[in-house]
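Have the sequence and the model open as you read.

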Amino acid sequence: MKKHLILLLAMLMVGVTGVACGDDDDDDDNEAEPEPEPEPEGEPEGEPEGEPEGEPEGEPEGEPEGEPEAQPEGEPEGGNVLCDEYCALALDSCLDVVGAEALGFADEETCQAACADFPADGAEDDRSGDSVQCRIYHADVASNVAPEFHCAHASVGGGGVCEDDPPGLCETYCAIMIENCPDTFGNDVEDIPACITECEAAALADGALGDATGNTLQCRIFHAAIALDDQTQCIEADLADSTVCVD
């Protein structure tokens with residue numbers, strides 16, 4: 001009997017121990033898995049810090065390649081401005097008046113070629129001297145006053161005015177008279193010396209360029225020049241018989 005009681009107690013203890021072990025297994029199974037740590041806020045991984053978004057790689061579009069070509073020093077854009085002005089005035093005011101032969105060119109191309117050889121060191125409104133500025137002045141005046149007179153000075157040759165070493169006034173006077181008033185001294189270059197002798201003997205005052213009145217040589221040169229289109233001016237250019245070139 002006593003053995004039976006001991007055996008029964010032993011069996012009860014084994015059962016209690018099994019139950020306890022089973023509870024431990026359930027606790028292990030029901031134990032919660034740890035939650036994942038949250039991602040840190042801010043920029044996503046892998047993006048380089050400070051990199052601007054949308055920046056195009058390489059050269060910006062529309063950037064011209066290489067260095068821009070520089071304009072030659074001293075050369076205005078669009079060509080020689082003084083020659084452009086000179087040719088526009090001379091062709092408009094003088095070509096039909098004195099003709100291509102006397103002017104020294106017949107069109108824009110030949111004018112530009114001639115003008116390229118003119119010195120450009122004169123001053124604006126120069127009335128004498130071998131410069132493009134002198135020729136511009138006379139070509140401009142010729143558009144309004146006595147083109148027969150001023151166009152000679154605007155010509156390539158300078159007409160005894162737009163020259164650095166112009167001929168004497170009597171030489172200029174006689175060259176024009178032989179050309180425009182052949183009945184006075186003759187119509188040949190061989191007649192020029194006799195004309196010069198007579199002119200110097202007259203001992204006239206020089207006067208000012210463009211004089212239209214007054215007992216001067218410049219007054220007679222003026223009327224001899226405009227006699228190109230008006231032969232009645234030849235008498236006004238005469239050394240002795242002028243009615244307007246008098247005191």
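Asp107 is partly exposed, at 36% relative accessible area; here buried means under 20%, exposed over 50% and partly exposed in between, with a 1.4 Å probe and protein chains only. Asp107 sits in the loop between α3 (95–103) and α4 (108–115). Helices are DSSP runs (H or I, at least four residues), numbered from the N terminus. This is a predicted model, where local features need pLDDT of at least 70, side-chain atom pairs count only at pLDDT 80 or more, and totals for chains, interfaces and linings use all residues. Residues are numbered from 1 along each chain as its sequence is written, and side-chain values use heavy atoms, with hydrogens and water left out.

Now for the covered parts. In helix α10 (residues 217–226), ten of the ten residues are buried, among them Arg220, Phe222 and His223. Those buried residues pack against α6 (147–154), α7 (169–180), α9 (192–202) and α11 (233–237).

What is the nearest side chain of opposite charge to Glu148, which is buried yet has no salt bridge? It's Arg127, 17 Å away; a salt bridge would need a side-chain nitrogen of Lys or Arg within 4 Å of a carboxyl oxygen of Asp or Glu. Not counting residues up to four places away in sequence, Glu148 touches Val97, Ala225, Ile226, Leu228 and Asp229, where contact means heavy atoms within 4.5 Å.

Arg135 is 18 residues from His153 in sequence, but their C-alpha atoms are 6.4 Å apart. Leaving aside neighbours within four places in sequence, the contacts of His153 include Arg135, His138, Cys162 and Leu209.

Last stop: two alanines with positive phi. Ala146 lies in the loop between α5 (132–142) and α6, while Ala203 is in the loop between α9 and α10. Neither is a glycine, yet phi is positive at Ala146 and at Ala203.

| Residue | Phi | Relative accessible area |
|---|---|---|
| Ala146 | about 40 degrees | 14%, buried |
| Ala203 | about 50 degrees | 63%, exposed |

Note on methods. Lys and Arg count as positive and Asp and Glu as negative; His and the chain ends are not counted.
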